[in-house]
Amino acid sequence: MADEVQALTKAFSGLGGLGVDEPTMVAALANWRRQPEKRSGFRRSFPGLFKEQGVIERCEDEYMLRLAAEFSRFKNLMVLWAMHPWERDARLAHHVLHQAHPAAILVEVACTRSAEELLGARKAYMALFHHSLEEDVAYRAKDKPYCSLLVGLVSAYRYEGPKVSDDTAKAEAKALGAAVKGAGGGRLVENEEVVRILTTRSKPHLVQTFKYYKELHGKHIQEDLGSEEALREAVRCLATPERYFSQVMAAALREGADHHGKEALARVAVTRSDVDMDAIRAAYQEQFGAKLEDAVAGSAHGHFKDAIVSLIVGK
């Protein structure tokens, strides 16, 4: 492991300048998959790029600024990959709140991380930006109809065990149906009962609730949410994250995708490679009739393409 860390440290030494060893970096993406301890060792061995700050090894701001100036997709991806996951999520959230990145990214972070991962991101956010994530969301989104939903989602610490009360799930499926019916063209995202259910219940509980909703109403709840995009994003991320991520990657690969859409390719590849990438690949194959790695190979180029494919497929 020490030799691998040393080789990667040397490969990174040219970030922000000349001499970057791209092949060694790409090899690490494949060889270090599902081995977070190696990335942690790398961060500790590279004080020029990372420094200890509380519970994380923080990426130095100087390097972040250099990368922003260079507009290098590959280098940005590599730093995103090397970051502590909590810092990465904190920075993704900060970009939404302070740089007008799509709000869907914040919903994604809040709904697809484990309870401990989301708590860690909140700790990192406070250490990095000297505000709590909750207070920033409440202030920055105060004029948005989905403000209460976002605050609830980022504040959540969900039960992660398997137990689900069928009676409660059925009752809340009925409650969601009543809320949809009673919205009458109004904003469902402002309904307190809907927000309570989506921001507090466990993911297995919500899957069961949505199953009963379909049995009661003959269609998936997403179909009844209409233009309520924040709610649709939350439901997809909470109940079927692999399908959500496969659709995000498909959109990123489409011709004419905007800047934020293209950025999603690296974001999803980096954040899900160690988590559920195999399920995302299967969902992509099911939805689009093609292999995700083939779609990437046909759309991306150079070391960036190699990096994305390595994160998707591994060794």
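This is a predicted model: local features need pLDDT of at least 70, side-chain atom pairs count only at pLDDT 80 or more; totals for chains, interfaces and linings use all residues.
Two packed helices are described by the angle between their axes and the distance between the axes. Helix H5, spanning residues 73-82, packs in this sense with helix H19, residues 302-313; the two axes come within 8 Å and cross at roughly 30 degrees. Angles under 35 degrees count as roughly parallel, and H5 and H19 are therefore roughly parallel to each other. The crossing of H5 with H19 is left-handed. On the H5 side, the contact is made by Arg73, Phe74, Leu77 and Trp81, which meet His303, Phe304, Ala307, Ile308 and Leu311 of H19. Classified by residue type, this contact of H5 with H19 comprises seven nonpolar residues, one polar residue and one charged residue.

A second contact involves helix H17 (residues 277-288) and helix H18 (residues 292-299), whose axes also come within 8 Å but cross at roughly 80 degrees. An angle of 65 to 115 degrees counts as roughly perpendicular; H17 and H18 are therefore roughly perpendicular to each other. In this contact, Met277, Ile280, Arg281 and Tyr284 of H17 meet Leu292, Glu293 and Ala295 of H18. The contact of H17 with H18 contains five nonpolar and two charged residues, with no polar residue.

Aromatic side chains were examined next. A pair of aromatic rings is described by the distance of the centres and the angle of the planes. Six aromatic pairs were found in a search of the whole structure. One of these joins tryptophan 32 to tryptophan 81, with 5.8 Å from centre to centre and 40 degrees between the planes, a tilted arrangement. Tryptophan 32 belongs to the loop between helix H2 (22-31) and helix H3 (36-44), whereas tryptophan 81 belongs to helix H5; the pair thus links distant parts of the chain, 49 residues apart. Tryptophan 32 and tryptophan 81 are both buried.

Finally, Phe42, Phe46 and Phe50 make up one aromatic cluster.

Key:
Residues are numbered from 1 along each chain as its sequence is written. Side-chain values use heavy atoms; hydrogens and water are left out. Axes are lines fitted to C-alpha atoms, for helices over the stretch in contact, and angles run from 0 to 180 degrees between N-to-C directions. Helices (H or I, at least four residues) and strands (E, at least two) are DSSP runs, numbered from the N terminus. Angles under 35 degrees count as roughly parallel, over 145 as roughly antiparallel, 65 to 115 as roughly perpendicular and the rest as oblique. A crossing is left-handed if the near helix is turned anticlockwise from the far one by less than a right angle, and right-handed if clockwise. Contact means heavy atoms within 4.5 Å. Ala, Val, Leu, Ile, Met, Phe, Trp, Tyr, Cys and Pro count as nonpolar, Asp, Glu, Lys and Arg as charged, and the others, Gly among them, as polar. Rings of Phe, Tyr and Trp (its six-membered ring) pair if their centres lie within 6.5 Å; planes under 30 degrees apart count as stacked, over 60 as edge-to-face and the rest as tilted. Buried means under 20% relative accessible area, exposed over 50%, partly exposed in between (1.4 Å probe, protein chains only).
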